[in-house]
Amino acid sequence: MATLHTRSAARLMIAPSVLLLLAWMIVPLAMTIYFSFLRYNLLMPGMEEFAGFSNYKYFLTDPAFFQALFNTLAIVLGVLFITVVGGIALALLLDQPMFGQGIVRILVIAPFLIMPTVAALVWKNMFMNPVNGLFAWLAKLFGLQPFDFLANAPLMSVILIVAWQWLPFATLILLTALQSLDEEQKEAAQMDGASAWSRFIYLVLPHLSRAITVVILIQTIFLLSVFAEILVTTNGGPGTQSTNLTFLVYAQALLQFDVGGASAGGIIAVILANIVAFFLMRMIGKTLEA
Amino acid sequence: MARNVSTQRKIVVTVVAWTIGILIFFPILWTFLTSFKTEAEAIASPPSLFFFDWTTENYHEVQSRSNYLLHFMNSVVISFGSTLIGLIIAIPSAWAMAFSPTKRTKDVLMWMLSTKMMPSVGVLVPMYLLFRNTGLLDTRTGLVIVLTLINLPIIIWMLYTYFKEIPGEILEAARMDGASLSKEIIYVLTPMAIPGIASTLLLNIILAWNEAFWTLNLSAAKAAPLTAFIASYSSPEGLFYAKLSAASTMAIAPILILGWFSQKQLVRGLTFGAVK
């Protein structure tokens, strides 16, 4: 191949991607950092002035920030718990011999392919609505009082909707990993008299550990930035009960027009995501060597 | 294991799996069915699953009320446009990194991936201001640019893992047999690269079609793709379940079909090749 691609030709081919991504990474981020030190509101143009760390101070002492931080963690951990546990169970089930396996797989994967705004609005209106929703009808069927999900348990409702979207992802990846487990190993364990439970604990789970790590890390990246589902269901409310960090920064920027404050919030979000990313990159880096 | 025991077991597994599968799929099925009901039937109690007067009126109404086709075309242009431009930029890069790797190739790849880890909200403010000042706000061009950039790392990674699997020996064999460089590219390399490029194309169209941060924040009436158009149903006027369902069904159907065709590639692409 050396004749086809000399070193410099290879460099030339890589250059456009590198330059574009470099610009994409540096320019807006540098601007965000710059704005985060300014007192800058879009409603008062021309009044920008250096503000030191006051935007950060404002953000870090705002009660809404801690609520948002808590909600962000609750969404990430809640959805991770549901999807990983549910995903393992579903993957184990789908790995068994059955009739129409392909069709069941297609049914299970579907929610992942639905755009977030559709998923959230369908759940909000047709299922969780306390008057016309299917859940309300079910409750009445059993003589119970319909529950107003989005008003009384907004965060839990968001977690439920997001978990429904991500369960297929976890299932699909864990199922793929499960199918690469050596059939002979399973049979050998069975012949040695290992029970189904100890086969799961000592054979299947260790085999899945890598895939589980991948699921957790990749989902975390996306779940830290849940946005559309909150926007169209609760709009962050009531109050800030279902506002996560992403939504808080969005509200600060495009509803309050506070460029400085929103930028400081954005930088805080970047720092948090970087902590997670650090672990993810190490994980994927190891894969590359293998 | 006796045969009849395993058949029995298979039937039990089948029933359980189908029940769970249908439950998970139910919201989508329900949306599909509701789209063919009248608004009154859509909220009727008790709700009817199949036995109602099927009507396609909602589909006409969604189009005539809000120019649905415009938003559909916006989604098509934005997702296909950003994916194709991304591929044009990424193919040479992934090719070079797969076939003439250097010591730094791995670092470059990891760095590219790391750009994907930056949360979008971290650059929301400058992007919004840049777009506003350059007139890119609420334009298809603007959204194509952003979506190309955010998906470029995934495109490069996917292509790289596919290209890596093309054996270099085949190229040498072709050359030994006297194939010229152009013949080598057309008859040997391209056919082997096309499946990987096609998978990458599919996955990225799905990702771009469903992207719902930048499309919601950087578009309004004119360039809004379906993600943003559907979001406008969050503040409804009057009865709207059937119309929401019709609009939703049309928005998700093409991607459901594409996604079902590319299940395997989905896993591979979304885990950056870590799970195959």
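A residue counts as buried if 20 or more other C-beta atoms lie within 10 Å of its own. The exercises below apply this to a predicted model.

**Exercise 1.** Determine which residues of helix 13 of chain B are buried, and what covers them.

*Solution.* Step 1: the buried residues of helix 13 of chain B are Q265(B), L266(B), V267(B), R268(B), G269(B) and L270(B). Step 2: these are 6 of the 8 residues in the helix, which spans 263-270, so the rest of the structure largely encloses it. Step 3: the cover includes helix 8 (154-179) and helix 10 (196-223) of chain A, along with helix 7, helix 9 (181-210) and helix 12 (241-261) of chain B. Step 4: after helix 13 of chain B comes F272(B), with a positive phi near 55 degrees.

**Exercise 2.** Describe the largest nonpolar core and the surroundings of L159(B).

*Solution.* Step 1: the core has 158 residues, and those touching the most other members are V162(A), I173(A), L174(A), A94(B) and L159(B). Step 2: helix 7 (residues 140-164) of chain B gives the largest share of this core, 17 residues. Step 3: domain 1 (3-57) and domain 2 (68-270) of chain B each supply at least three residues. Step 4: setting aside neighbours within four places in sequence, L159(B) contacts A90(B), I91(B), A94(B), G196(B), I197(B) and T200(B).

Notes. Residues are numbered from 1 along each chain as its sequence is written. Chains are lettered from A and ligands numbered from 1 in the order in which they are written. This is a predicted model: local features need pLDDT of at least 70, side-chain atom pairs count only at pLDDT 80 or more; totals for chains, interfaces and linings use all residues. A nonpolar core is a set of buried Ala, Val, Leu, Ile, Met, Phe, Trp, Tyr and Cys residues joined through C-beta atoms within 7 Å. A residue is buried if 20 or more other C-beta atoms lie within 10 Å of its own, exposed if 12 or fewer, and partly exposed in between; C-beta atoms are placed from the backbone. Helices (H or I, at least four residues) and strands (E, at least two) are DSSP runs, numbered from the N terminus. Domain bounds come from an automatic or database domain assignment. Two residues are in contact if their C-beta atoms, placed from the backbone, lie within 7 Å.
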